[in-house]
Amino acid sequence: MKIKDNYMTMSIKDRRTIVVSDIHGNIDLFKNLLSKVTYTEDDRLIILGDIIDKGPNSIELVEFVGELLKNEHVHMVLGNCDCIFDELEEDYLYNYMQRRHTLVHEALDKLGKTLDDYESQSDMAKDVHKHFSHIHDIVRDLPLMIETEDFIFVHAGLDHHDYMNTSRYNALNMPYFYNASHDAEKMVVVGHFPTCNFVEDGPMNNNIKVNEASRIIDIDGGNQVKYSGQLNALIIEYTGDTYTLNTLAVDDYKRQVVIQDFEVAYQVPHTFTYPHFEIEVFDGDEYFTQAKHIHTGIDFMVKTEFIKAVEDGYRLKDDYTDYFMDVSIGEEVAIIDDSYLGYTLIMKDGITGWVPEEVLEQAI
Ligand SMILES: [Mn+2]
């Protein structure tokens with residue numbers, strides 16, 4: 001199966017178009033986003049795949065999207081995680097289920113069962129198919145791609161040449177497409193790989209990234225995947241034949257108020273993201289340690305708790321930024337992680353960075 005075997009074309013010039021990707025079972029955040037963009041039935045809504053798995057409420061989200069899809073202006077393309085019903089008998093399923101919360105966990109919960117209640121994986125698969133075929137039906141026949149006057153919407157990516165011949169597998173799974181290229185003379189809008197992975201330098205962020213030169217827009221805010229992930233919306237509006245793009249993001253982190261100004265006079269912030277986690281480690285204390293990022297050769301200070309000792313050296317335990325955020329009294333910021341010694345990881349305007357814990361209201 002290739003893209004040319006299962007795609008749709010449409011005009012999107014007649015009304016506002018809202019594009020959302022990778023909701024991953026986070027129905028509350030999706031509803032919050034719809035309300036924040038003041039979504040109505042007169043808008044066009046394009047869901048760019050991956051409504052299932054990782055987040056808490058995949059089944060409810062699929063049901064909700066199923067209701068939305070009854071409106072002729074609502075469309076969804078297939079994402080790799082939406083194929084879980086085709087994977088119930090695969091060897092890797094139980095292994096995947098140990099690493100991620102999945103629709104199968106939810107299905108078994110609803111049936112009051114655990115994997116141990118089944119003689120075989122095949123029995124489990126049959127039971128899930130039997131009781132959740134109405135959920136499967138909603139994601140069963142989704143197109144791989146939607147093509148409009150100026151845009152192509154696809155979950156993961158297109159082949160470098162002859163995009164209509166892109167395989168189903170690549171359309172759903174292609175990694176790092178934002179760094180790749182394509183031969184479609186249109187803007188290609190994708191999700192699948194969080195935009196945070198493409199921050200090469202500067203502060204960590206999960207905002208929508210637009211590459212005009214390669215005609216690629218990545219909108220995956222890393223919701224349910226990255227520790228400072230968010231759910232992004234791309235909003236496309238036409239005046240005649242000219243479109244404008246706007247973005248909006250929501251997250252569900254708790255807020256705290258800043259009670260003390262904090263400002264760093266000079267810094268060159270770095271961000272190191274998946275998969276380049278190897279570091280060399282030098283002097284340090286319980287707060288920060290001097291380190292070198294192997295892949296880029298950059299020297300930086302790492303929060304000591306972020307260092308993970310492995311067999312052959314040291315690694316960052318996750319994506320890392322060494323950015324210290326300027327904040328002012330009275331500002332409200334999102335708290336990403338307040339479990340570190342002396343410093344808190346916060347987010348402001350989609351940017352993630354550190355502040356000393358005493359600048360926040362609940363500091364002790
Ligand atoms: Mn995906």
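Helices (H or I, at least four residues) and strands (E, at least two) are DSSP runs numbered from the N terminus. Please keep in mind that this is a predicted model, in which local features need pLDDT of at least 70 and side-chain atom pairs count only at pLDDT 80 or more, while totals for chains, interfaces and linings use all residues. Residues are numbered from 1 along each chain as its sequence is written.

In H2, which spans residues 58-68, Ser58, Leu61, Val62 and Val65 are buried, where buried means that 20 or more other C-beta atoms, placed from the backbone, lie within 10 Å of the residue's own. Seen down the axis of H2, these buried residues fall within an arc of 100 degrees, so they line one face of the helix; the arc is taken from the directions from the helix axis to the C-beta atoms.

Turning to the domains, the protein is divided into domain 1 (12-250) and domain 2 (255-359), with bounds from an automatic or database domain assignment. The contact between them takes 15 residues from domain 1 and 16 residues from domain 2, contact meaning C-beta atoms, placed from the backbone, within 7 Å.

Finally, Phe288 is found in strand S16 (residues 288-293), and Phe288 counts as buried because it has 20 C-beta neighbours inside 10 Å. Leaving aside neighbours within four places in sequence, Phe288 is in contact with Met301, Val302, Lys303 and Thr304.

Methods: Contact = placed C-beta atoms within 7 Å. Buried ≥ 20, exposed ≤ 12 C-beta atoms within 10 Å, placed from the backbone.
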